[in-house]
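I opened this entry to keep a record of what I looked up, chain by chain and then across the contacts. The sequence and the structure come first.

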Amino acid sequence: MKRKSRAFFHNPAAVTALLLLLGIILFCILYPFFTSVDYREINFSERLQLPSPKHPLGTDEMGRDMMVRMAWGGRVTLSVAFLSGFIAAAAGTGIGVLCGYAGGRIDSVIMRGMDAIASIPGLLLAIVFDYLLGMGRGNFLFGVAIAGIPPFVRLIRGAVLEISGSAYVEASRALGATPLHVVRKHVIHNVLPMAAIQATTSVADALTTCTILGYIGVGINAPTPEWGALFDNGKYLLRTLPHLSVIPAVMIVVCIICLYLLGNGIRDSLSIGGGEV
Amino acid sequence: MNEPQILLDVQGLRVSFQTPRGSVQAVSDANFQVRRGEVTGIAGESGSGKSVSAYAVLGLLARNASVEGGSAFFNGRDLLSLEEKELRKIRGSEISMIFQDPVTALDPAFTIGSFLAEVLRSHEPSISRREARRRSAQMLAAMGIPDPENVMSRYPDSLSGGMCQRVCIAAALLCTPKLLIADEPTTALDVTIQDEILSLLQQIKEEKDMSILFISHDFGVLARLCDRICVMYGGFVMESGSADQIYHSAAHPYTQALMRAIPRLENSAQEPLPSLRGEPLDPVRLPDGCVFASCCPQCSEECLRVRPVSTDLGEDHTAACHKLIRKRKKPLKTADSML
């Protein structure tokens, strides 16, 4: 593992992506503590200002500080994205391992269930969950998480099938390994890196879904900001004050790119173990 | 001198696979023995049931395979009727196995050291970390691996094939088993490494007085190591006897054909090696008669109708062929005389 993490840290794109992502997360968490401005504070005397020392990213049409709204929006968007991504990753990995290892009827039943889920668009599932579990409180993240499970299960199940049929599992059984040992050691250890890569993708997907919902005004109630909602809010002033919509848009795109670069970085550092070093 | 005791006695082993094309009889009424401190070789071509027999003994058959009959007595216990839990205790501690491709037999996610420690821990749960490390290093050193401490901190992909096989053998021997099953352990290695591994196995056999069941299609390899050889074809044991009997007085037409097919230095290069006519066996539809009949140069009308039973040729040498039965007039259902 040491050798692989070294390979990861020698990949400039992956390291940059990781640092950028951490920077954004830290900014979102910490910035509201360092400023006295509240994200809900309406001040019509300072509406639609350009960036200034007092308001580093200017203000919106109600005179609210954009910088603090971006940070709050990031908290909402990123926590929904990471939370639903991780729920999808945990559930998907667990179900995938179960399917791949148990096989037989359990496998077929669960996989048909996954096909059923996969046939519903993720966005729709998120809206339904938002409606069912109480609107405007971020409950749609469960819908996003569930939509993220099927691709996970398929990937992990395939990997588990390959691993459980591998020569090293057979060799391990020939030396007296129990099925639990095979799952705990061989299957989990070989599947986890793959799950980590897929997790970056599912977090990115969740981020996309979350911001789309924010853009169309579903999921999070105003005045709580959300990056998609901020973009929506700013788009009417695109010609006169483009930073109001461009900044949230750029943040969304940067985060998604960073997540994919991170996933690529993990994959590249792992494929080193494949043969020649 | 005492007659060597029988460690593993497989009698009438029958294994079949369920496939989309129908049931495949992979092993039919196979009998073979492994004696204490001896190497028994199982020779045969692909699909002859040689590996399946070994897997059946250890209960490691694929999900679609089932043992339909027979017994495999090891230390007074029938392995074929043991519970999976009991069998698991025997695997690795009393009977170990090494495989064809040592590189893929090691999990790429673990270092050699942690792999060996896990093997030890699965049989001796109370073993301390330090003790496991010490014993692993000692075993690697005994396998002729220089600088075991260094090797233990490495991943399998940074070791050569020969090194990996040594590691696999070390893992197999960690809990001092009485029997080692070697499933074509040198096939994936090049010739010089093959020779080193065979010497190592020879040395282990002599030093630890261990029995080995050696599966191979390579008669040259078998000749190096084996005390006894059992030749299989189409899931049936065609002939079995001491290595000397098999090499110098092969009785079965199949064994004779195999012996003629070994390239020899004294033969001129222009002369093609003799090959067999006929079609390979269809495992789904075994013929009523001798399974080798369609390829046998000495096939008679009887061979196509009746399956030959094993015949005692004296001195623990048996073969299943009508030609020999006619000569001997003393057919044997099981190879009892080998006991």
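**Ground rules.** I am working with a predicted model, in which local features need pLDDT of at least 70 and side-chain atom pairs count only at pLDDT 80 or more, while totals for chains, interfaces and linings use all residues. Residues are numbered from 1 along each chain as its sequence is written, and chains are lettered from A, with ligands numbered from 1, in the order in which they are written.

**Chain A.** I began by listing the elements, taking helices (H or I, at least four residues) and strands (E, at least two) as DSSP runs numbered from the N terminus. Chain A has ten helices and zero strands. Its C-alpha trace spans about 80 × 45 × 30 Å along the principal axes. I then looked up burial, where a residue is buried if 20 or more other C-beta atoms lie within 10 Å of its own, exposed if 12 or fewer, and partly exposed in between, with C-beta atoms placed from the backbone. Of the 277 residues in chain A, 43% are buried. For contacts I used C-beta atoms, placed from the backbone, that lie within 7 Å. Among the contacts in chain A with a separation of 6 or more, 69% join residues 24 or more positions apart.

**The four-stranded sheet of chain B.** Two strands count as paired if DSSP finds at least two bridges between them. I found an open sheet of four strands in chain B, ordered β2-β1-β4-β5, with antiparallel pairing. Its edge strands are β2 and β5 (77–78), each of which pairs on one side only. Helix α1 (residues 50–58) of chain B packs on this sheet and touches β1, β2 and β4, its direction making about 105 degrees with that of β1(B); here axes are lines fitted to C-alpha atoms, for helices over the stretch in contact, and angles run from 0 to 180 degrees between N-to-C directions.

I next followed β1(B) (residues 6–19), which pairs with β2(B) (residues 22–35) in the antiparallel sense over ten bridges. A hairpin of two residues joins these strands, β1(B) and β2(B). Within this pair, B:Asp9 stands opposite B:Gln33, and B:Gln18 has B:Ser23 as its bridge partner. With β4(B) (residues 65–74), β1(B) forms eight bridges, also in the antiparallel sense, and there B:Val15 stands opposite B:Val67.

**The eight-stranded sheet of chain B.** A further open sheet has the order β6-β7-β8-β3-β9-β10-β12-β11 and mixed pairing. Its edge strands are β6 (95–98) and β11 (311–312), each pairing on one side only.

**Domains of chain B.** The contact between domain 1 and domain 2 of chain B takes twelve residues from domain 1 and 14 residues from domain 2. On the domain 1 side, helix α7 (residues 191–208) of chain B gives the most, with five residues. I sorted that side with Ala, Val, Leu, Ile, Met, Phe, Trp, Tyr, Cys and Pro as nonpolar, Asp, Glu, Lys and Arg as charged, and the others, Gly among them, as polar; this gives nine nonpolar, two polar and one charged.

**Chain B against chain A.** How many residues does the contact take from each chain? I noted 27 residues from chain B and 19 residues from chain A. On the chain B side, α2 (84–90), β6, α3 (112–123) and α6 (161–173) each supply at least two residues, and the largest share, four residues, comes from α3(B). The chain B side divides into 13 nonpolar, seven polar and seven charged residues.

**The core.** A nonpolar core is a set of buried Ala, Val, Leu, Ile, Met, Phe, Trp, Tyr and Cys residues joined through C-beta atoms within 7 Å. In the largest one, of 174 residues, B:Cys168, B:Ala171, B:Leu213, B:Met232 and B:Met238 touch the most other members. Helix α3 (residues 66–102) of chain A gives the most to this core, with 15 residues, and at least three residues come from each of domain 1 and domain 2 of chain B. Leaving out residues up to four places away in sequence, B:Cys168 touches A:Ala171, B:Ile98, B:Phe99, B:Pro102, B:Ala105 and B:Leu106.

Note on methods: Two residues are in contact if their C-beta atoms, placed from the backbone, lie within 7 Å. Domain bounds come from an automatic or database domain assignment.
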